[in-house]
Amino acid sequence: MGAKSHMLQSRRLLSAMCSKMAEEAKRLAGFAAVDNHVKNNQALGIGSGSTIVYAVNRLAERVKQEDLHIVCVPTSFQARQLILQNGLVLSDLDRNPELDVAIDGADEVDSDLNLIKGGGGCLTQEKIVAGCAKTFIVIADYRKDSKNFGDQWKKGVPIEVIPMAYVPVAKALASKFGGVADLRMAVSKAGPVVTDNGNFLLDWKFDKLHNWSTVNTAIKMIPGVVDTGLFIGMAEKVYFGMEDGSVSAREKPVH
């Protein structure tokens, strides 16, 4: 019994250490992106998720210290709240349809700097905001760096769908591309996750590697699909916070 409880305690300690290390890695990546890409008089796209919190904290520090004039366009309700809580200037794409820089996280980054995004459910707005930016910068911790999609991220490609279409879209995904597409269910409420746009999310667990650019286009053509969590060729640069406290930067390969 003693040995078993000791083992459990060791596991908990290891898990807490790994979690702490990953949080520090997120912070380092967020700070690097803001310090290297944010300048005075810019319109910024602010992404969603846990890593972006550190970037916004750093942005707020710099705005105060350097008296920067920055406007921020959010990708989600969470991002909007972050901007307001940090005393930053909130804007939108009506007022600022052209952004200088967008900063966002990712669930997985492959060797070509393609991304899987949407684990947090905000993929459509994230893609719109990233598409409006001259430069799209991604921040992540070392666990998100993969050679191929699926190496690290096991939850599949998120796909936002119109609610009435989720069954036909799920069937079409499985028949055209293999794998299985599951409706994402909410944790603290009964029923499915509902996006900020009032839609449902499918998580498509693919069972082989694809030409992701081709597949992304084909999925978007299925009636009822709003957008996919495949961000192909959009990221200019990714900052990875590493386990040893350094930051590794990768730029989009030139083909």
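These legends walk through several close-up views of a predicted model. Residues are numbered from 1 along each chain as its sequence is written, and side-chain values use heavy atoms, with hydrogens and water left out. Because the model is predicted, local features need pLDDT of at least 70 and side-chain atom pairs count only at pLDDT 80 or more, while totals for chains, interfaces and linings use all residues.

**View 1. The largest nonpolar core has 25 residues.** A nonpolar core here is a set of buried Ala, Val, Leu, Ile, Met, Phe, Trp, Tyr and Cys residues joined through side-chain atoms within 4.5 Å. Buried means under 20% relative accessible area, exposed means over 50%, and partly exposed is in between (1.4 Å probe, protein chains only). Look for Val-38, Ile-46, Ile-52, Leu-59, Leu-88, Ile-103 and Ile-139, which have the most contacts inside this core. At least two core residues come from each of α1 (2-37), β1, α2, β2 (70-74), α3 (77-85), β4 (99-104) and β7 (133-141). The biggest contribution is that of α2, with 6 residues. Helices (H or I, at least four residues) and strands (E, at least two) are DSSP runs, numbered from the N terminus. Apart from this core lies another one, of 23 residues, including Ala-170, Ala-181, Phe-200 and Trp-204. As background, nonpolar side chains tend to be buried together in soluble globular proteins.

**View 2. Ile-103 and its partners.** Contact means heavy atoms within 4.5 Å. Setting aside residues up to four places away in sequence, Ile-103 touches Ala-33, Val-34 and Val-38, then Gly-45, Ile-46 and Gly-47, and also Ile-52, Ala-55, Ile-137 and Ile-139.

**View 3. The largest cavity has a volume of about 40 Å³.** On a 1 Å grid over the protein atoms alone, a cavity is a set of points where a 1.4 Å probe fits but cannot get out; a pocket is an open set with protein on both sides within 12 Å along at least five of seven lines, and lining residues have an atom within 4 Å of a point. Grid points are joined across faces, edges and corners, and a volume is the space filled by probe spheres set on the points. Searching the whole structure turns up 1 cavity of 30 Å³ or more. Among the residues lining the largest cavity are Val-34, Leu-44, Val-56 and Ile-103. The largest share of this lining, 4 residues, belongs to α2. By class, the lining has 9 nonpolar, no polar and no charged residues. For these classes, Ala, Val, Leu, Ile, Met, Phe, Trp, Tyr, Cys and Pro count as nonpolar, Asp, Glu, Lys and Arg as charged, and the others, Gly among them, as polar.

**View 4. Ser-48 and the largest pocket.** This pocket has a volume of about 250 Å³. It is lined by 17 residues, and Ser-48, Gly-49, Ser-50, Asp-107 and Gly-120 are the closest to its centre. The lining comprises 3 nonpolar, 10 polar and 4 charged residues. Ser-48 itself is in the loop between β1 (42-46) and α2 (50-66), and at 10% relative accessibility Ser-48 counts as buried. Its side chain makes a polar contact with the side chain of Thr-75 (2.6 Å). A polar contact is a pair of N or O atoms within 3.5 Å; within protein, one must be able to donate a hydrogen and the other to accept it, and residues adjacent in sequence count only if both atoms are side-chain atoms.

**View 5. The second largest pocket has a volume of about 160 Å³.** Its lining has 13 residues, with Asp-110, Asp-112, Asn-114, His-210 and Trp-212 nearest the centre. That lining divides into 4 nonpolar, 6 polar and 3 charged residues.

**View 6. Arg-184 in the loop between β9 (180-183) and β10 (200-205).** With a relative accessible area of 14%, Arg-184 is buried. A polar atom of the Arg-184 side chain lies 2.8 Å from the backbone oxygen of Gly-119. Arg-184 and Pro-158 are 26 residues apart in sequence, and 8.9 Å apart in space, C-alpha to C-alpha.

**View 7. Asn-41 and Leu-113, with positive phi.** Most residues other than glycine have a negative phi. Asn-41, in the loop between α1 and β1, has a positive phi of about 60° and is exposed, at 58% relative accessible area. Leu-113, in the loop between β5 (108-109) and β6 (115-116), has a positive phi of about 70° and is buried, at 1% relative accessibility.
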